[in-house]
Amino acid sequence: MSTPPIPILFLLDGSGSMADYGRIQQLNRGVRTLLKGLAEHPKTFTVAAVVFQGNGAYIHFTFTSAEAVQWEEVTPVGTGSISAALGLSRKLLSDLKSDQKPVLFLVSDGLQETEDHEAIKSFVSESPVAECERFALRVVHASDSVLEIFTADTTTHLLGAEDTEDILNFMCT
């Protein structure tokens with residue numbers, strides 16, 4: 001009997017501030033590297049991604065096997081509010097049928113509006129998100145406040161998007 005796949009949901013910052021300092025390139029490179037590593041690993045993973053940008057958010061791809069994902073790069077647009085992405089993410093996780101504990105990755109520069117702080121606190125404290133393993137990956141010149149709220153009360157750490165090899169080692173052991 002094979003082990004069910006581990007579900008991973010990426011929350012990706014596609015806001016305009018990600019255009020600065022090579023942030024969006026770092027996000028795209030980091031996620032692409034993670035997807036490749038997950039696809040090549042003997043354990044199986046299903047992955048989904050939600051992008052927040054402009055005045056909203058969209059599902060970049062729904063839960064599918066890591067091997068099947070054809071990565072399409074995220075392009076920065078507008079101011080970006082994470083609140084819309086949180087709602088889409090909660091819905092994806094609520095609809096998920098898995099015996100494995102889901103993993104969430106927030107990849108961002110952390111430059112969200114102050115009102116988003118309360119939305120993130122609420123998001124991480126409520127089911128089904130409260131039961132998930134959470135990682136925050138900061139990109140270059142990031143503000144850690146939002147990222148620290150996302151990872152509060154977890155045993156995980158705030159990591160750099162360049163730490164994809166360390167992340168893969170941690171997730172796949």
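**View 1. Sequence separation of contacts and overall make-up of the chain.** Among the contacts in the chain (heavy atoms within 4.5 Å) with a separation of 6 or more, residues 24 or more positions apart account for 74%. The model is a predicted one, in which local features need pLDDT of at least 70 and side-chain atom pairs count only at pLDDT 80 or more, while totals for chains, interfaces and linings use all residues. Residues are numbered from 1 along each chain as its sequence is written, and side-chain values use heavy atoms, with hydrogens and water left out. The chain holds 5 helices and 6 strands, taken as DSSP runs (H or I, at least four residues, for helices; E, at least two, for strands) and numbered from the N terminus.

**View 2. Strands β4 and β5.** Strand β4 (residues 103-108) pairs with β5 in the parallel sense over 6 bridges, where pairing requires that DSSP finds at least two bridges between two strands. The bridge partner of S108 in β5 is R138. Because 5 of the 6 residues of β5 (residues 133-138) are buried, this strand is largely enclosed by the rest of the structure; buried means under 20% relative accessible area, with a 1.4 Å probe and protein chains only.

**View 3. Helices α3 and α4.** Helix α3 (residues 114-125) packs against helix α4 (residues 144-151) at an angle of about 20 degrees, with the axes 8 Å apart, the axes being lines fitted to C-alpha atoms over the stretch in contact and the angles running from 0 to 180 degrees between N-to-C directions. The two helices, α3 and α4, are therefore roughly parallel to each other, a label for angles under 35 degrees. H117, I120, K121, F123 and V124 in α3 meet S145, V146, I149 and F150 in α4.

Conventions
Buried < 20%, exposed > 50% of the residue type's maximum accessible area, 1.4 Å probe, protein only. Parallel < 35°, antiparallel > 145°, perpendicular 65-115°, else oblique.
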